[in-house]
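Dear colleague,

Please find below the structure that I am handing over to you, with its sequence.

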Amino acid sequence: MIRSMTGYGRGEGILHDRAITVELRAVNNRYLDCSVKIPRLYVFAEEAIKAQVQKRVGRGKVDVFVSIDSSAADKVEVTLNRPVADGYYAALTQMRDTYGLRDDISVSLLSRFPDVFLVEKEQGDADVIAQDILQVLEQALTDFNAMREREGQKLAEDVRAKAASIAALVSKVEERSPETVSEYREKLRQRMEEVLENTQLDESRILTEAAIFADKVAVDEETVRLRSHLSQLEDMLEKGGAIGRKLDFLIQEFNREANTIGSKCSDVALSRVVVDLKGEIEKIREQVQNIE
């Protein structure tokens with residue numbers, strides 16, 4: 001299955017009283033570049049997230065967004081901060097004795113002072129939390145890859161359509177190329193007749209010149225290689241997988257053959273066909289940039 005490098009996926013779940021949401025977004029990139037945005041409290045899971053993404057994604061710039069609501073899972077422990085409470089109590093007692101005040105020191109009074117109580121959150125098991133995040137990440141990756149496969153199918157269909165156009169243009173080149181040699185031979189004969197007028201024409205000389213011209217403009221090898229490349233292109237599309245880089249290299253070979261044909265042709269009609277041929281190859285190249 002062919003996949004596009006661009007896509008979006010989302011997964012969510014409530015595990016061990018934590019509401020976890022994972023989103024993935026990806027755009028084209030030459031290599032895999034994964035960045036993770038996760039609350040600092042759970043940053044210990046970042047490397048595991050990247051490793052899991054790497055297993056399911058071959059290329060692209062992938063951004064992973066993780067949000068966690070752990071309010072239902074939070075366990076809070078409140079303890080008396082004895083040194084601070086003792087300090088406040090001693091100061092209040094000294095104030096009472098020094099100024100002869102009424103003794104109204106109470107629990108409610110002391111509890112109002114800052115830092116009298118220590119409030120601590122219990123930390124969950126890091127391995128358990130990491131596994132929970134990865135479980136939701138897997139859902140997001142499945143959704144993400146499903147979207148990329150749908151886009152990849154559209155890309156493959158478009159590439160095939162353009163490959164068919166290239167095959168048709170190659171056929172035109174193959175049909176037109178021999179005609180240019182015949183036309184050149186006839187023009188050469190006419191020019192020689194004009195120059196020599198009544199003198200006997202050397203038919204062998206015409207044939208020799210035409211043969212030299214035919215050798216210069218022959219594109220048989222290029223068209224054969226282009227058809228071979230088209231066959232290889234179809235094989236890659238049929239096989240699927242992470243073929244983006246291979247396709248990119250193959251399209252470079254398409255361009256090389258088309259440029260060679262263009263450099264050999266001196267015929268206006270054939271030149272127009274080559275321009276169209278290069279245009280279709282460029283369209284495929286643009287689409288290939290989106291394939292993983």
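**Salt bridges and the sheet**

The side chains of Arg82 and Asp86 form a salt bridge with an N to O distance of 3.6 Å; the term stands for a side-chain nitrogen of Lys or Arg within 4 Å of a carboxyl oxygen of Asp or Glu. Arg82 and Asp86 are four residues apart in helix α2 (residues 82–99), so about one helical turn separates them. Helices (H or I, at least four residues) and strands (E, at least two) are DSSP runs, numbered from the N terminus. Asp86 is partly exposed at 41% relative accessibility, where buried means under 20% relative accessible area, exposed over 50%, and partly exposed in between (1.4 Å probe, protein chains only).

Please note that this is a predicted model, in which local features need pLDDT of at least 70 and side-chain atom pairs count only at pLDDT 80 or more, while totals for chains, interfaces and linings use all residues. Residues are numbered from 1 along each chain as its sequence is written, and side-chain values use heavy atoms, with hydrogens and water left out.

Across the whole structure, the search finds 21 salt bridges. One of them joins the side chains of Arg10 and Glu23 at 3.3 Å, N to O. Arg10 belongs to strand β1 and Glu23 to strand β2, so this pair ties together parts that are 13 residues apart in sequence. Arg10 is partly exposed, at 37% relative accessibility, whereas Glu23 is buried, at 19%.

In helix α8 (residues 268–288), Glu282 and Arg285 lie three residues apart, about one turn of the helix, and their side chains meet in a salt bridge of 2.8 Å, N to O. Both are partly exposed: Glu282 has a relative accessible area of 30% and Arg285 one of 29%. Elsewhere, salt bridges with shared partners join Glu221, Glu222, Arg225 and Glu257 into one network.

As to the sheet, four strands form an open, mixed arrangement in the order β1-β2-β4-β3, two strands being paired if DSSP finds at least two bridges between them. β1 (7–15) and β3 (32–37) are the edge strands, each with a single partner, so one side of each has no neighbour in the sheet. From one strand to the next, the twist averages 15°; axes are lines fitted to C-alpha atoms, for helices over the stretch in contact, and angles run from 0 to 180 degrees between N-to-C directions.

β3 pairs with β4 (residues 60–69) in the parallel sense over six bridges, and Leu32 has Gly60 in β4 as its bridge partner. Helix α1 (residues 46–56) lies across β2 (18–27), β3 and β4, at about 145° to β3, contact meaning heavy atoms within 4.5 Å.

With kind regards
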